Each structure stands twice: as C-alpha cells, then as structure tokens.
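The following explanation is written for a reader who meets this structure for the first time. Please keep the sequence and the model in view while reading.

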Number of protein chains: 2
Amino acid sequence: MKKIVQYLLILFIVIACKENTATKQDEATTVAENTDPLPSWKDGDTKNAIVNYVNAVTKQGDQFIPVMERIAVFDNDGNLWSEQPAYFQLFFAMDRVKALAQEHPEWKTTQPYKSVLEDDMATLMSYGEHGLIEIVMATHGGNTVNEFEQIVKDWLATAKHPRFDRPYTELVYQPMLELINYMKANDFKTFIVSGGGIEFMRPWVEDAYGIPKDQVIGSSIKTKYDYNDGNPVIRRLPELNFIDDKEGKPEGINQYIGRKPVFASGNSDGDLQMLRWTDSNTYPSFQLYLHHTDAEREWAYDRKSSIGRLDKGLDEANEKGWTVIDMKNDWKVIYPFQLEK
Amino acid sequence: MKKIVQYLLILFIVIACKENTATKQDEATTVAENTDPLPSWKDGDTKNAIVNYVNAVTKQGDQFIPVMERIAVFDNDGNLWSEQPAYFQLFFAMDRVKALAQEHPEWKTTQPYKSVLEDDMATLMSYGEHGLIEIVMATHGGNTVNEFEQIVKDWLATAKHPRFDRPYTELVYQPMLELINYMKANDFKTFIVSGGGIEFMRPWVEDAYGIPKDQVIGSSIKTKYDYNDGNPVIRRLPELNFIDDKEGKPEGINQYIGRKPVFASGNSDGDLQMLRWTDSNTYPSFQLYLHHTDAEREWAYDRKSSIGRLDKGLDEANEKGWTVIDMKNDWKVIYPFQLEK
C-alpha cells in the first residue's frame, strides 16, 4: 500500500510537470487493472473470494488492515508442493538410511530400517508414526547444521519423484506461487508453517517460493552450539524439539511470529487449529483450504487418506464458509513445468 | 534513510521536469552525501569502522554481501536500552509479585517473594539466578498471550525508572536507534537476540526500535493452544522453554533465523557466543561491543558487574580487533529525550 502511494505520488509529480497529462494517467491505470495477478487460477468463486479479500483489506475503509498486521501463513506439504505418494521428506529420510547403512550393519536385520533397505513401503508404514520418527531421528541428527543443509541440497539435486521423474522442487504448485507473490505485492508478510522439518525446508524455500529462511516455521530437533576450538558449529542432536502440527501450529506461530495471522492456507486436518486461530483474529481474516480433487493431474484424496487427511477441516470449512479450492476445477495448471512456454 | 531516499527521488523527478537540471541534481547529490546517518555518534574510529563496513559490503566488489545474507543481530538489555540498576524485566516481575500478592497470602512469609514485597533488593539478589527464575515463572505464566501482552503494555504506561523517573521505554539509546535505521536503510534485516523474555519485549519493540515482533528472539516459557469452546487462546505455562543467553544465542539464531548473521552487536559476556558465531561467517562480518564507560550520563561497569558483565568479551574483542564502543567518548547523547529540540 505504501509503495502504491509512493508510486502514485511520483506519478502525480511527473504528470503535473507535463501538458495533456490526463491521457497518460488513464493508460497507466488501465494496464494495472488488466494485469491478472493469479493467471493460473480459473475465474470463479474461489479466485474472486481471494481477490475481493485482498482488495478490501488493503484499501482504506472499515476492512483495512495495517501493513504490520498483514501476516499470511501457508502450510507446505500438500499445500505449496505435493505430498504423494508419501511426504517428500520421508523419501529423503529413506535415502539417508540407505546412505548411512554401511555405518549401521545392524539395520539390515532391525526394523524399521530393514524395510527401508528392502524398499518395502508396506512394512515400513506398519510401524506408524513411531517408526517414521525413529527413522527421522536416526538420519537427521549427528551433523552440524551446515553439513545438513548441504546434504539436503545434494539430495534435491539428484533425487527424482517416483511418478513425475522430476526433482521434488519442481512439484510446487504454480497457482500457489502466484498467490504468494500476490500477497507479497500487497504487503503481506508470508510465512511457511509446516509439520515438515524446518531445516529440511530452509535450504530450498527461498529459490522455490521466494520466502526467506527466517519466515519458515517447522518441526525441529534440538541443537547445541559448540565453540569447537575457534571454529564454531551448531550440532544437530537426535532429540525432538518441537512438532509443528495441529495445536503445534498456532503455538509455533506465536513463538516465531508473535502475532495472530489474518490469512491462513492449508490442506489437511493438521492445519485446522492454525485456521481456527487465524479465524479468531479481530481483523478481517481469510481461511483457505486446498482440496485435492484432481486424480489425473495430481492426486484425489481427503477424508480417508493417511497422508494429508482432510475430514474435520472440510466439515468446518463448509460450516464456517471458509474458502475451499477445488484443485481440479479452480486451477488451470498444477506445476510450473506445465505452463505453456 | 528510506524516506530520505524517497524524498530525494521525488525531488529529483520534480527537478528533472524543469530546465537547468544539471545544477540542481548536483545540489541534491551534495545534500545526500552530507546527510550523516549517525548524527549522535562522534566522528572517530568507532563510527568510521561501522560506516566503512556498511559501505564496503553494500557496494559491488569482493566484500559485497547479497541482500538475503544481510542479517544483523542486536542484544537488547544494556545494548539497545539500559539495564541498571537491574534488568528492567526484573522491575516488571517485582511489580507483578506485588500485584498478585493478594491471591498469594503465603508470599508474605515465603522467600524470595517476601523480599520483593518488602523492597529488600539485597536479600532478593542473595537468592541468585534460581530465585529470579522462580519469580519470573510465578508471575509470567498463567495468562493467555493476549492478556500478558496487555499486562506488559499497562505496566510500561505507568512504571517509572528509579533514577530517571521516566517510562522505561524512554531509556533506549539514541545512537543505537540511528544504527538500526542505518542498517535497515542498507537492506540489513535487523533482529533482537536477547536473554530477556520474548513476550516481554514484543509488545513495545515495534514502537521503540521499529523492529517487527517476528524479528525478536528471546527467552521463553512453554505455551499451549486451547480451542476454548470456539474462542481459541494460547496459554502461558509456568515452565521454561528456552534460555536465549550465551550458547543459547547462536542456537536461537539458528532456530529462528536459520542463517548466520554478518553483523552482531552486544555488550556482555552473554553475547560472546553470538559474536563468535557471527565472526565465523564466510562473508565479511562485523562484531560490535558496547562498553559502558559513562558513569555520569548512564553507568560505568564491565569486568566485575553482576549485570551485563563484560570481561572475557572485552579481552576477546581486543585480541580479535572487534569494534568496541566507548559510550562516554563515542556518543554525543545517550537517550532520545536528551536531544536538543
């Protein structure tokens, strides 16, 4: 808003210096109005709801929200990038188990590692959340934060998604990239609030989404600073620090941001508390759920999925009139590589 | 600084519309060069070191630091505002003990509360860190985060500093306000990294320093989200979560920012680990220590002070050539209210 005011002020001054200014000013206005900030979103209720909200709260009036209060939070898995056939971080953890297997000969005969080494997803999944946490702890600790960042980057540079045979970072949603940019252009400060590992996300979110590392909230393990004889490092310990899911999301938002968001975007029941927290803002707020309805271009899942289950959230969205994206019908394309060149 | 740049831009455009622009443009440039971004700092080595660093790393060249990497961290107590005769948050906690005393009749006969109720600082201090933490836990938990924010604001609106008889928020350092603005104008993202309570600082740092709430790192207690029958709250629990001091500072920086700073400013041995962490950056980095040398206008203390002890840090600063502010000789004024009107 400030930038717009400044821009208009400068524009006004330039125009005031010239003759026949009216025509030029009209041209500039028309160009601005014709530029669609969300070109990959089909016209319709969903897109209108978003644009109407942003217009209402950024213009002076009774809906106006001061810039400092414009906090927008986005879940990541299944909301900014895909999460099927399993969370991408699980593929990373499985590849880490394989990479570290030589140092751990006992894994060949110990579950849940054995099932990873044998690519036996069914058995792995039977160990449930406990088994997955064990794998994450065994593979995500033990390095310095710098080393871990490099490990993530190296993995992303070579690993391919099993269905699309492309790097995982290419499976971000084009319409959501446009939404993030649109919010930023309207002076919203955009944060990722994800159940995924904070240090798994930070190495790539700046390139992928244009969201700075310090605007990422996620699950974390404990760390310890070590002076290390004058070469300070921060070591990653195999101990859980914080789970940024469900109730953890508003708690994490409070801990990191210290301010209630006005805009929240998620896709699962794990985001419900974050959406409720945002909905309780005294400023006009916006709650957005992404419903995975596109079995052909992406995946279709909701109430019965073990990954990204959207059940209570869908009911509450309907009750409260929150906006629900119907992926199949609201999005022209899913991924950036599908854009016509 | 940004406003000055914008003002100059507008000025330039107006001028560009007229004849004889060359002369006018030269005038504008001269004004810009003559504008001192740090007017409350005396000319000399300290000011030169800061300005030379900022100039070197923001211009294209072998010292250049990309904008995303320009992270500047500032300790708060004794660095951005005063911390004598005791940390200001301790005065807050003591006032909370008095305000809550009616609900806790046992405090009249139980230490360390008894010494607080009797204004017996000597006895209170004899209970050391353990006693202080007990008082903070007893007075900082039990509310929702919204309630606590209001309690802090109400306290700041009425409480007066014992020596200066002014609100505590007036005891911020004018030269440091200028430094923060100078860094921001040069695209540094500025963070507070304080041993003080994160939720004690957030209610006032935006007004006092122009640093957003989400760019504050501090010590914290645990919190818990509660749906509360449709009126969600986050409750503050009487349980320590994180101590953002000494080794905790680089750990907190990693947790919240996820990136090593290039500029660190502190005043005590509790900041040493943060300065060392910054010093290990592969980009050119700057370490700044504020030495309290002004017994007349502020306070003079260093190696033997129980508050804000600067001992090992002072030795290491001398060894490593870090910049040390001599408050008495480097600063023209201490507080904004001392500025000539």
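The paragraphs below begin with chain A as a whole and then turn to individual places in chains A and B.

This is a predicted model, in which local features need pLDDT of at least 70, side-chain atom pairs count only at pLDDT 80 or more, and totals for chains, interfaces and linings use all residues. Residues are numbered from 1 along each chain as its sequence is written, chains are lettered from A and ligands numbered from 1 in the order in which they are written, and side-chain values use heavy atoms, with hydrogens and water left out.

Chain A contains 14 helices and eight strands; these are DSSP runs numbered from the N terminus, helices being H or I with at least four residues and strands E with at least two. The C-alpha trace of this chain spans about 80 × 50 × 45 Å along its principal axes. The radius of gyration, taken over C-alpha atoms, can be set against a globule rule of 2.2 Å times the number of residues to the power 0.38. For 341 residues a compact globule would have a value near 20 Å, and the 22 Å of chain A agrees with this.

Of the 341 residues in chain A, 51% are buried. Here buried means under 20% relative accessible area, exposed means over 50%, and partly exposed lies in between, with a 1.4 Å probe and protein chains only. Among contacts in chain A with a separation of 6 or more, 66% join residues 24 or more positions apart, a contact meaning heavy atoms within 4.5 Å. The chain exposes about 15600 Å², and carbon and sulfur atoms supply 50% of that area; accessible areas come from the Shrake-Rupley method with a 1.4 Å probe, and for residues only the protein chains shown count as cover.

A cis peptide bond, with omega about 0°, links Gln84(A) to Pro85(A), and Pro85(A) belongs to the loop between β1 (71–74) and α4 (88–100). Another cis bond runs from Gln111(A) to Pro112(A), with omega near 5°; Pro112(A) sits in the loop between α4 and α5 (113–117). Lys246(A), a residue other than glycine, has a positive phi near 55°. Lys246(A) lies in the loop between β4 (233–242) and α11 (248–256) of chain A, and its relative accessible area of 40% makes it partly exposed.

In chain B, a positive phi near 55° is found at Asp229(B), which is likewise not a glycine. This residue occupies the loop between β3 (216–226) and β4 (233–242). Asp229(B) counts as exposed because its relative accessible area is 76%.

Helix α11 of chain B, residues 248–256, is mostly covered, with nine of its nine residues buried. Among them are Lys249(B), Glu251(B) and Tyr256(B). Just after this helix, Gly258(B) adopts a positive phi of about 70°.

The last stop is Tyr289(B), in strand β6 (residues 286–293) of chain B. Is this residue buried or exposed? Tyr289(B) is buried, because its relative accessibility is 0%. A polar atom of the Tyr289(B) side chain lies 2.9 Å from the backbone oxygen of Ser268(B). The C-alpha atoms of Tyr289(B) and Leu314(B) are 7.9 Å apart, although 25 residues separate the two along the chain.

Technical notes: A polar contact is a pair of N or O atoms within 3.5 Å; within protein, one must be able to donate a hydrogen and the other to accept it, and residues adjacent in sequence count only if both atoms are side-chain atoms.
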